[in-house]
Amino acid sequence: MSDTHSHSAPRGFETTAIHAGNTADPVTGAVVPPIYQVSTYKQDGVGGLRGGYEYSRSANPTRTALEENLAAIEGGRRGLAFASGLAAEDCLLRTVLSPGDHVVIPNDAYGGTFRLFDKVVSRWGVEWSVADTSDVESVRAALTPKTKAVWVETPSNPLLGITDIAAVAQVAREAGARLVVDNTFASPYLQQPLALGADVVVHSMTKYMGGHSDVVGGALVVNDPSLGDELAYHQNAMGAVAGPFDSWLVLRGIKTLSVRMDRHSENATRVADMLTRHPRVTKVLYPGLPEHPGHEIAAKQMKAFGGMVSFQVEGGEEAAVEVCNRAKLFTLGESLGGVESLIEHPGRMTHASVAGSALEVPADLVRISVGIESADDLLADLQQALGGK
């Protein structure tokens with residue numbers, strides 16, 4: 001928290017993103033927190049920790065600054081930063097679940113999340129079942145007496161499905177289960193799951209939070225102090241923490257999150273509109289389109305509709321792959337959320353791990369992360385990629 005703002009004063013998101021955790025250095029007055037590239041700390045006598053720091057796996061001042069910022073921008077009480085989004089998810093699952101527990105997972109989700117449940121957590125004796133989380137009754141039907149968590153992505157990856165967070169939170173609460181919301185696609189600027197009833201927010205900070213395709217990181221944010229303490233204990237015990245330089249890069253990225261998300265959303269809206277009119281595109285998946293089945297809920301719980309667009313093309317899988325290969329300004333690559341636009345084929349790339357499962361994605365699907373370049377240039381590139389010129 002900046003020394004120029006009180007904790008109690010209401011502040012806009014943009015102000016919070018820039019100032020929370022970013023206290024001016026008391027010695028030099030530096031306005032940016034330093035990168036504390038250090039492993040250990042001189043103690044004031046045996047067991048006398050200076051400022052609570054003893055070893056950088058347990059705590060590091062640069063990571064502390066980021067974790068304070070994460071809590072503030074998500075409207076939570078406790079933020080925790082990890083080495084990757086999957087490290088954050090792993091810590092959460094091993095903290096809140098025990099062998100014999102059950103989790104409801106979405107029928108559309110990041111392939112790495114599915115792999116974590118299907119290949120790793122299941123071996124630990126945790127069961128899972130799939131629900132269409134955009135349908136509250138589907139979630140309710142998937143619950144069992146052993147369900148301890150309901151996992152949601154909204155918008156989802158890669159089909160851009162929308163889940164009514166408040167409605168699913170109520171269903172989960174009635175069943176005694178925690179609601180976990182992966183807020184990566186929306187970012188805290190566009191959507192605040194904790195305010196809508198979620199218990200835990202998950203982020204891949206690699207994406208929009210960092211925003212520049214130069215850092216890998218993950219985050220958890222919670223409101224419950226005791227859950228926050230449990231997660232912090234496991235974060236230290238398991239050790240997959242965000243390093244100081246990575247923390248510093250994400251802190252820097254968050255300062256411009258709001259202006260970037262505004263441009264991502266504006267550009268994606270123009271791209272989606274163009275794609276809906278293109279003769280070679282059979283379906284466009286973007287929650288900003290009025291015909292999207294989740295449009296009304298997205299408009300209610302999101303500030304704008306984000307920078308991710310998926311679409312299906314005539315000609316099947318080979319045609320979709322060819323579109324990816326022909327793109328020039330859109331870089332063929334995995335990941336998303338950077339200032340530069342990316343294009344990929346989920347079936348062969350990011351979501352290969354869900355092949356043959358209930359989460360398998362259409363073979364003719366193309367996913368694009370719409371960057372903040374000139375929208376006219378992006379439209380021209382997609383038109384030539386689709387037209388084969």
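These legends accompany close-up views of a predicted model.

Residues are numbered from 1 along each chain as its sequence is written. Local features need pLDDT of at least 70 and side-chain atom pairs pLDDT 80 or more, while totals for chains, interfaces and linings use all residues; side-chain values use heavy atoms, without hydrogens or water.

**View 1. Confidence along the protein.** Mean pLDDT (the predictor's confidence in each residue, from 0 to 100) is 95. Of the residues, 97% reach 70 or more. Residues 1-7 stay under 50. For that stretch the model has 17 contacts (heavy atoms within 4.5 Å) beyond four places in sequence.

**View 2. The largest nonpolar core.** A nonpolar core is a set of buried Ala, Val, Leu, Ile, Met, Phe, Trp, Tyr and Cys residues joined through side-chain atoms within 4.5 Å. Buried means under 20% relative accessible area (1.4 Å probe, protein chains only). This core has 63 residues. Leu70, Leu275, Val309, Phe311, Ile343 and Ile368 touch the most other members. Beyond four places in sequence, Leu275 contacts Val281, Val284, Val309, Phe311, Ile368 and Leu386.

**View 3. The five-stranded sheet.** Strands (DSSP E runs, at least two residues) form an open, mixed sheet in the order S8-S9-S12-S11-S10. Strands pair if DSSP finds at least two bridges between them. S8 (281-285) and S10 (331-332) stand at the edges, each with a single partner strand. S9 (residues 308-313) and S12 (residues 365-369) run antiparallel, joined by five bridges. Ser310 has Arg367 in S12 as its bridge partner.

Terms used
Buried < 20%, exposed > 50% of the residue type's maximum accessible area, 1.4 Å probe, protein only. Helix = DSSP H or I, 4+ residues; strand = E, 2+ residues; numbered from the N terminus.
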